[in-house]
Amino acid sequence: MPSRRHLLRLTGATAVAGLAGCSNDPGVLDDSSTWTDETCGAGAEPADSVSEYATHPDDDVSLFRRGLRRLGYYPDEVVPSSVSVNWTFPINYVGHTAAKSSPVPSPDGETIVFAGDSGWVHAYTPTGELRWSTRTGATDLGFHGSPAIVDDTVYIGGYDGDLYALDLETGDLVWRTRSADLEGTLAVGSSPAYYDGTLYVIAEYGSPSSGALWAIDPETGEPTWSDDRLWGQPHPSPTIDLEAGRILAGSNDGVVYCWEFPSLEFAWEFQAEADGEEREGGAFYAGAEIKGTVAAHDGYGYVGSWDENVYCLDLEDGSPEWVFETDGAIMSNPGVDVEEDVVYMGSDDEYVYAIDAASGDELWSTNVGGRVIGALSVTAGTVLAGSYDGHLYALDKETGARCWRVENRGRVTSAPVPVDGRIYYAERAVFSNYYDDDRETIMEEPGHAYCLVGDE
């Protein structure tokens, strides 16, 4: 039986502008590889400046999702009405279903750092010139978290359980904190946060299936504090809200954990409610896993769960303000327009949703042809979303109309990152549906990193 939300879509609950060469129904896709519509993002003007609310209070810091609140908000960037691939290179080779590492620009925008799932870190100029490539010890599953760049140093955690600091100019190793120094980490799949002389990162452990929030000295790589109360091998990145005085992250046990900031005294936890198997004394509900990073806005945190819900949590005490239902598990990281108070979220049900941040009401929903497990990015006029159908989509953020899509080789699972008129992102490798003699899947083509530019 169709769900309530599916029925709303079928009955035209959201009015969307028509697209050139496309169906007017945002729930129906045609077979065009690239669409354009002059009304998409019409009138969008780049913001003259972006407050530290959406970026970082320090000009010499670049983070995954752009800032401490992990909003993925780029009001100073206007996405072109049509785009093409300017340059590309192979980067991902592993069939791991987790979202791939997202590119991060240096604070001055002159270097774009990419991390791959085979353990390599690369630095490129905006025009596609390779500056350096560094091979690390994370050669099994590589990197799925994204770098933090502070001044002239790149910080990233790998699936070997180690933390790495690399020189931004040369790629040389500055320090490496071994798994043993972090009490035997299995992996670091989260993206570090940085504030006031300290790195914060979530680590996961294999036996028992647990995790910890760590504070790290960025000069030496020495751990300075930790809390191992997390359960279920956490992947999300830590979110810091300086106004609310909170640092928080979700985990595979379906729990969002929250500490006071900067004191790091534990504040509260919130358990997603899934109909699944209860594990480990009630600490883990199968089907409630939280894979995405919390976005913090105006005293609330927004996050999705495998229980198919988007949660709005009061950062003061963790109580849910509202719950928004989708028709699929959610791994995606939300993007938030802080001026319009709109939360954008992707789901495994193949839709991108625009949700009123205050009420939890659906503003629009648009089919993008495949699962959305990567992070969404919000620009001056559009929402950028990667899809499992092998395309990157640009959607009008006011209506959900599909402006264009770009066909790629594999599934687009990193965040699209707009910088000075260019868009950077990465995809998963393409694997066959059959096996070789050792019953191993065969990689048909590696996943690539991309740079898009506007068509003249």
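A residue counts as buried when its relative accessible area is under 20% and as exposed when that area is over 50%, with partly exposed in between. These terms are applied here to a predicted model. The structure holds 13 salt bridges, and a search of the whole of it finds 19 aromatic pairs.

**Salt bridges**

- Side chains of opposite charge can pair when their charged atoms come close.
- Aspartate 117 and lysine 100 are both buried, and their side chains form a salt bridge with an N to O distance of 2.7 Å. This pair links distant parts of the chain, 17 residues apart. Aspartate 117 sits in the loop between strand 5 and strand 6 (120-124), whereas lysine 100 belongs to the loop between strand 3 (83-92) and strand 4.
- In a further salt bridge, the closest N and O atoms of aspartate 160 and arginine 176 are 3.5 Å apart. Aspartate 160 lies in the loop between strand 9 (153-157) and strand 10 (163-167), and arginine 176 in strand 11 (residues 173-177), so the bridge ties together parts that are 16 residues apart in sequence. Arginine 176 has a relative accessible area of 29% and is therefore partly exposed.
- Lysine 397 and aspartate 337 also meet through their side chains in a salt bridge, at 2.7 Å from N to O. The two residues are 60 residues apart and connect distant parts of the chain: lysine 397 is in the loop between strand 32 (391-396) and strand 33 (402-407), and aspartate 337 is in strand 26 (residues 335-337). Both lysine 397 and aspartate 337 are buried.

**Aromatic pairs**

- Among the 19 aromatic pairs is that of tryptophan 87 and tyrosine 424, whose ring centres are 6.1 Å apart; their planes meet at 50°, so the pair is tilted. Tryptophan 87 is in strand 3 and tyrosine 424 in strand 35 (residues 422-426), and the pair thus links distant parts of the chain, 337 residues apart. Tryptophan 87 and tyrosine 424 are both buried.
- Phenylalanine 89 and phenylalanine 114 make an edge-to-face pair, with 5.3 Å from centre to centre and 90° between the planes. Because phenylalanine 89 lies in strand 3 and phenylalanine 114 in strand 5, this contact ties together parts that are 25 residues apart in sequence. Phenylalanine 89 counts as buried at 6% relative accessibility, and phenylalanine 114 counts as buried at 2%.
- A cluster made by ring pairs contains Trp87, Phe89, Phe114, Tyr124 and Tyr424.

**Backbone geometry**

- Most residues other than glycine have a negative phi, and most peptide bonds are trans.
- Proline 262 is in the loop between strand 18 (255-260) and strand 19 (266-271).
- Arginine 70 is in the loop between strand 1 (61-62) and strand 2 (73-74), and at 1% relative accessibility it counts as buried.
- The loop between strand 11 and strand 12 (193-195) holds glutamate 183, which is exposed, with a relative accessible area of 55%.

**A contact across the sequence**

- Tyrosine 388 and arginine 428 are 40 residues apart in sequence, and their C-alpha atoms are 9.3 Å apart in space.
- Tyrosine 388 is placed in the loop between strand 31 (382-386) and strand 32, and its relative accessibility of 12% means that tyrosine 388 counts as buried.

Key:
Residues numbered from 1 in each chain as written. Predicted model: local features only at pLDDT ≥ 70, side-chain atom pairs only at ≥ 80, totals over all residues. Heavy atoms only, no water. Salt bridge = Lys/Arg side-chain N within 4 Å of Asp/Glu carboxyl O. Helix = DSSP H or I, 4+ residues; strand = E, 2+ residues; numbered from the N terminus. Buried < 20%, exposed > 50% of the residue type's maximum accessible area, 1.4 Å probe, protein only. Phe/Tyr/Trp six-rings, centres within 6.5 Å; stacked < 30°, edge-to-face > 60°.
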